[in-house]
Amino acid sequence: MPAPIRLRELIRTIRTARTQAEEREMIQKECAAIRSSFREEDNTYRCRNVAKLLYMHMLGYPAHFGQLECLKLIASQKFTDKRIGYLGAMLLLDERQDVHLLMTNCIKNDLNHSTQYVQGLALCTLGCMGSSEMCRDLAGEVEKLLKTSNSYLRKKAALCAVHVIRKVPELMEMFLPATKNLLSEKNHGVLHTSVVLLTEMCERSPDMLLHFRKLVPQLVRILKNLIMSGYSPEHDVSGISDPFLQVRILRLLRILGRSDDDSSEAMNDILAQVATNTETSKNVGNAILYETVLTIMDIKSESGLRVLAINILGRFLLNNDKNIRYVALTSLLKTVQTDHNAVQRHRSTIVDCLKDLDVSIKRRAMELSFALVNGNNIRGMMKELLYFLDSCDPEFKADCASGVFLAAEKYAPSKRWHIDTIMRVLTTAGSYVRDDSVPNLIQLITNSVEMHAYTVQRLYKALLDDISQQPLVQVSSWCIGEYGDLLVSGQCEEEEPIQVTEDEVLDVLEGLLVSNLSTPVTRGYSLTAIMKLSTRFSSVNRIKKVVSIYGSICLQMYSYSLQVQSTHPPCFTGSIYTSSLFYRFNLHVLYYLVSLLFQANDLLDLLGGNDVVPVIQTTLPTKPASAGGELLDLLGDLSLSSRTSLSLFLSFSFSHSPVITIHATNTTEADMTEFVFQAAVPKTFQLQLLSPSSNIVPALNQGSVTQVIRVLNPQKQQLRMRVKLTYTHKGSPIQDLAEVNNFPPQSWQ
Amino acid sequence: MQFMLLFSRQGKLRLQKWYVPLSDKEKKKITRELVQTVLARKPKMCSFLEWRDLKVVYKRYASLYFCCAIENQDNELITLEIIHRYVELLDKYFGSVCELDIIFNFEKAYFILDEFLLGGEAQDTSKKNVLKAIEQADLLQECRREPPLTVCFLSAQLTTEKPL
């Protein structure tokens with residue numbers, strides 16, 4: 001039996017393969033040879049074979065049949081075997097498989113081995129992939145080694161203990177006595193790993209944290225020595241003495257000083273010293289400064305120190321090294337809330353970072369810029385941010401647009417500026433604007449009464465240029481529907497009024513209806529707008545014609561909105577829900593207006609009769625605060641018998657007969673409490689009301705009340721229902737009555 | 001540190017060290033995705049990126065990418081120094097290390113890494129100590145091994161003959 005091919009030979013051979021298939025063939029051949037070698041229990045070459053297996057595993061081939069062989073290698077007396085065996089265990093075994101537990105005894109023996117390098121292998125393996133069971137069994141051995149005077153083993157034991165504690169936190173107590181003298185060590189390896197161990201314990205247990213607070217003076221001393229001591233060749237990195245240890249000590253100090261005045265004070269001086277004396281020309285110095293800044297910002301430091309920290313970050317922002325700029329922006333983002341004024345001083349540098357080539361830096365600079373916007377700098381900042389919006393990658397546009405809207409809303413210096421800013425966003429990044437911005441923008445425009453003419457004119461002009469950006473089109477359609485009369489009469493004060501006729505406006509709106517670019521929602525908006533113009537324009541016949549052509553679209557949109565309503569849980573406040581609700585609101589208006597233009601019979605024919613699900617508007621005597629407010633004045637002109645607010649929607653959905661579910665939602669700004677739904681049906685029916693989901697209809701569509709109704713209809717007659725709603729709104733008790741007659745057949749058949 | 005990956009510019013894995021328990025399937029998926037993400041980065045970009053809920057620190061040395069996934073509270077800049085320290089150790093051990101050294105001697109690359117980091121943290125901050133320990137352990141391999149049945153001399157660079 002020839003000796004198995006050597007590892008390096010195998011690697012060389014495999015690398016000569018020119019195709020994936022060739023490689024696979026070589027691997028399969030070798031695996032077969034290895035397998036038979038394993039079967040023969042060959043001790044001499046087991047090590048070589050497992051090593052080859054590990055190489056093939058790295059290439060992506062299965063190697064599980066080598067797992068037990070690793071265990072045999074670990075149990076061997078030969079150091080070479082153990083080395084490869086433990087490596088194999090760490091690469092091939094994982095704690096989900098029971099076979100790993102077989103290692104436990106071997107590791108236990110090796111932890112007590114006479115050779116420290118064998119002990120080291122065992123500690124390393126346990127500390128890297130030991131499962132909870134293994135850790136429980138072997139914690140005692142680790143603890144013993146933590147107390148040894150052999151620094152080679154002590155440092156490894158400390159990190160192994162960290163792993164044990166992570167896996168089995170209850171064992172933490174057991175390591176406490178061994179930590180007593182850890183910091184008096186001279187050996188940097190032991191010091192470093194001890195600090196890591198102490199950090200882990202303090203982070204996990206408040207008691208440990210309290211206990212170890214007394215170490216602060218000692219830690220401060222060690223850190224001081226590192227900074228003040230002369231050149232130490234063994235630990236020097238670019239002129240700095242043991243930066244790894246410095247960083248770990250700073251991190252432990254952070255945890256110990258957090259929310260403790262005394263500790264924070266005790267470390268104040270050393271932090272200032274590190275912050276001012278550390279060499280900043282290389283990455284290593286900046287790494288220490290970075291950790292220092294994080295510590296200063298997290299503990300109870302005095303304001304002078306905090307300003308020092310922020311200034312370090314400010315200097316980082318000017319560093320040529322983009323990594324340094326990145327961590328600076330990340331840190332500033334964390335501190336901008338608490339140290340706002342200090343961060344403001346670096347605003348221009350931050351804004352410059354918007355032009356950085358790195359995506360992560362740009363994103364952070366954008367977030368930070370928005371955080372820094374206030375009433376004083378809004379004009380300048382917005383200019384930069386709008387410029388950024390124009391030129392940034394698509395992945396940023398949605399967030400940037402939302403940020404601009406929010407900032408504009410909070411700090412707009414004038415209404416005209418506000419409208420102009422919105423226009424700019426809609427025209428340059430209109431397709432990236434979030435759906436939920438549309439209702440918000442409409443609300444905003446509604447409230448800026450004196451700007452209506454200017455707004456509608458600008459939006460109309462934007463529509464003439466481009467109808468592809470849906471949010472822009474939706475807002476524009478809505479505005480034209482509302483203020484079309486202002487547009488046609490040429491009343492604009494802010495700029496030169498344009499001349500446009502009713503027909504031209506209707507052309508544009510109809511164009512939106514037919515365009516392939518328009519989504520169903522957009523079509524809804526434009527159709528609603530056309531409908532509304534029937535009360536403002538004189539070309540009513542043209543409008544009637546449009547509605548009869550597009551009436552079926554109206555129906556589609558209606559059922560679409562109900563589908564959305566029923567598939568999303570009531571308390572879902574995401575953009576789809578709000579826009580669909582607002583959208584439904586548009587349709588209710590549509591419904592109303594259609595009913596005004598046509599007789600009842602025509603209406604049913606138009607809308608296809610059976611599929612219509614009626615919606616009840618309830619009467620509220622008070623003036624509503626929702627976006628629908630202005631619209632209702634429009635309806636008022638038509639002298640309806642009762643003022644409707646369209647603020648409480650009641651809709652019915654039918655999943656299967658005889659179950660009907662009602663959904664009540666509320667667009668006003670106050671909750672409707674003590675909400676009770678009652679229904680009465682003709683004598684031939686039987687009605688059963690199950691418990692409602694709640695009796696509060698939350699404000700602003702933030703949720704709904706649902707209630708299930710069972711209707712038994714033995715005589716299969718057309719269902720009619722009288723509905724009574726009682727609730728309290730803004731302190732006043734309200735009662736509403738309504739009658740519903742056109743339930744679709746599937747609900748009662 | 002949760003894991004460290006070394007891979008070539010063609011995306012071939014040269015070393016993988018995992019400090020968190022994951023199935024083979026999950027490791028493969030993570031490796032594939034992360035390698036793709038890092039290789040797609042342009043040279044002008046910084047060495048840090050957010051990936052899933054971790055921070056990834058990577059640096060390219062010649063034809064090899066060294067990639068570490070660290071947790072949110074870890075210091076990215078010092079991680080760069082950790083990576084650099086590991087490269088220095090490899091360099092000292094192999095004498096001007098190149099990718100081929102790591103391909104043909106991958107088990108030694110692991111041994112050196114395991115002598116430098118344990119559980120994802122640095123065990124010793126002294127380059128000298130780590131190299132000394134590796135040297136001693138290598139000698140142990142030499143002493144303990146069975147005499148070879150056939151005599152075979154490897155290149156002069158290696159002072160100890162490895163039965164592998």
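I began with a pair in chain A: the side chains of A:Arg458 and A:Asp420 meet in a salt bridge, with N to O at 2.7 Å. I noted that this is a predicted model. The two residues lie 38 residues apart, A:Arg458 in helix α25 (residues 452–465) and A:Asp420 in helix α23 (residues 415–429). I looked up their accessibility: A:Arg458 is partly exposed at 26%, and A:Asp420 is partly exposed at 21%.

Next I looked up A:Glu200, which forms a salt bridge with A:Arg166 (3.0 Å, N to O). This pair joins helix α10 (residues 188–204) to helix α9 (residues 151–167), across 34 residues. A:Glu200 counts as buried, because its relative accessibility is 8%, under the cut-off of 20%. A:Arg166 is partly exposed at 37%.

I also searched the whole structure and found 49 salt bridges over all chains. I wrote down one network, which links A:Glu41, A:Arg46, A:Glu69 and A:Lys72.

Then I turned to A:Lys362 in helix α20 (residues 359–372). Is this residue buried or exposed? I found A:Lys362 buried and without a salt bridge. The nearest side chain of opposite charge, A:Asp393, is 4.5 Å away, and a salt bridge needs the atoms within 4 Å. Among the contacts of A:Lys362 beyond its sequence neighbours are A:Leu357, A:Phe388 and A:Phe396.

Last, I checked two helices of chain A, α24 (residues 437–447) and α26 (residues 470–489), whose axes come within 10 Å and cross at roughly 35 degrees. The residues of this contact are nine nonpolar, two polar and no charged. Including A:Leu441 and A:Ile445, residues of α24(A) meet residues of α26(A), including A:Val475 and A:Trp478. I recorded the crossing as right-handed.

How values were computed. Residues are numbered from 1 along each chain as its sequence is written. Chains are lettered from A and ligands numbered from 1 in the order in which they are written. This is a predicted model: local features need pLDDT of at least 70, side-chain atom pairs count only at pLDDT 80 or more; totals for chains, interfaces and linings use all residues. Side-chain values use heavy atoms; hydrogens and water are left out. Helices (H or I, at least four residues) and strands (E, at least two) are DSSP runs, numbered from the N terminus. Buried means under 20% relative accessible area, exposed over 50%, partly exposed in between (1.4 Å probe, protein chains only). Lys and Arg count as positive and Asp and Glu as negative; His and the chain ends are not counted. Contact means heavy atoms within 4.5 Å. Axes are lines fitted to C-alpha atoms, for helices over the stretch in contact, and angles run from 0 to 180 degrees between N-to-C directions. A crossing is left-handed if the near helix is turned anticlockwise from the far one by less than a right angle, and right-handed if clockwise. Ala, Val, Leu, Ile, Met, Phe, Trp, Tyr, Cys and Pro count as nonpolar, Asp, Glu, Lys and Arg as charged, and the others, Gly among them, as polar. Lists of a residue's contacts leave out its neighbours within four places in sequence.
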